[in-house]
Amino acid sequence: MRGMIVHHAQAVEMTALVESHTENKELRLLGARISQSQSDEMKFMKRWLEGRGEPVSPPVPEMPSMDMPGHDMSSHHMPGMLNPKQMDALRKAKGAEFDRLFLAGMIQHHNGALIMVKDLFDTAGAGQDAELFNFATDVDSGQRAEIRIMQTMLGEKPVEEKR
């Protein structure tokens, strides 16, 4: 849950760029919807953690030696997170280039969320908390629907993934 809060925060950061980086009305509506749903889900996750006496902030990971290849600490080791280079490119892009980078990046991000939901469901006892089960099921279906919308906006044929 703590990891998913950080994950969602990046999606909100991405959607905050939409207003100033594109004139695409369809993308603006999608960005607003994603921002609202991610913000609402973050509130739920924080409430859920607090209700169980759990810390809301993720633990700070041990920092590996900075000279170790393949260690990108900025991704928080979470699936789908955009790396600093991708976020920088998104911040610098405008118009159609922004639209393409935003959609591709958000699809990557949403696919990461689907992996996190699957990992949660694969955790022993995860289905016993009805509130958590319903939340995760809603996240899964919402992310899949938004991925299909974004694939269509990119001109790609939506790909139905295996559950």
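Let's start with Arg91, which is found in helix H4 (residues 84-92). Helices here are DSSP runs of H or I with at least four residues, strands are E runs of at least two, and both are numbered from the N terminus. This is a predicted model, where local features need pLDDT of at least 70, side-chain atom pairs count only at pLDDT 80 or more, and totals for chains, interfaces and linings use all residues. Residues are numbered from 1 along each chain as its sequence is written, and side-chain values use heavy atoms, with hydrogens and water left out.

Arg91 counts as partly exposed because its relative accessibility is 39%. The cut-offs are under 20% relative accessible area for buried, over 50% for exposed and partly exposed in between, with a 1.4 Å probe and protein chains only. If you skip the neighbours within four places in sequence, Arg91 is in contact with Glu13, Leu17 and His21; contact means heavy atoms within 4.5 Å.

Next up is Glu131, found in helix H6 (residues 130-153). Glu131 has 44% relative accessibility, so this residue also counts as partly exposed. Its contacts, again leaving aside neighbours within four places in sequence, are Phe44, Trp48 and Arg52.

Asp99 sits in helix H5, and is buried, with a relative accessible area of 11%. Not counting residues up to four places away in sequence, Asp99 touches Thr22, Asn24 and Leu27.

| Pair | Separation in sequence | C-alpha to C-alpha distance |
|---|---|---|
| Arg91 and Val18 | 73 residues | 9.6 Å |
| Glu131 and Trp48 | 83 residues | 8.8 Å |
| Asp99 and Leu154 | 55 residues | 8.5 Å |

**The chain as a whole**

Now zoom out. The protein chain has six helices and zero strands, so reading along the sequence gives you the pattern α-α-α-α-α-α. Of the 163 residues in the protein chain, 37% are buried. Take the contacts between residues at least 6 apart in sequence: 74% of them join residues at least 24 apart. The accessible surface of the protein chain is about 9,500 Å², and carbon and sulfur atoms account for 56% of that. Those areas come from the Shrake-Rupley method with a 1.4 Å probe, and for residues only the protein chains shown count as cover.

**How the helices pack**

Two packed helices are described by the angle between their axes and the distance between the axes. The axes are lines fitted to C-alpha atoms, for helices over the stretch in contact, and the angles run from 0 to 180 degrees between N-to-C directions.

The axes of H1 and H4 come within 11 Å and cross at roughly 20 degrees, so H1 and H4 are roughly parallel to each other. Angles under 35 degrees count as roughly parallel, over 145 as roughly antiparallel, 65 to 115 as roughly perpendicular and the rest as oblique. On the H1 side the contact is made by Gln10, Glu13 and Met14, and on the H4 side by Met87, Leu90 and Arg91.

Helix H1 (residues 2-15) also packs with H5: their axes come within 11 Å and cross at roughly 165 degrees. H1 and H5 are therefore roughly antiparallel. Among the residues making this contact are Gly3, Met4 and His7 of H1, along with Phe102, Gly105 and Met106 of H5. The crossing of H1 and H5 is left-handed, a term used if the near helix is turned anticlockwise from the far one by less than a right angle, with clockwise making a crossing right-handed.

H5 packs with H6 too, at an angle of about 155 degrees and with the axes 9 Å apart. That makes H5 roughly antiparallel to H6. The crossing of H5 and H6 is left-handed.

How many aromatic pairs does a search of the whole structure find? The search turns up three. One of them is Phe98 and Phe102, a stacked pair at 5.8 Å centre to centre with 25 degrees between the planes. Rings of Phe, Tyr and Trp (its six-membered ring) pair if their centres lie within 6.5 Å; planes under 30 degrees apart count as stacked, over 60 as edge-to-face and the rest as tilted.

Phe98 and Phe102 are separated by about one helical turn because they are four residues apart in helix H5 (residues 95-121). Phe98 counts as buried, at 0% relative accessibility, and Phe102 counts as buried at 0% as well.
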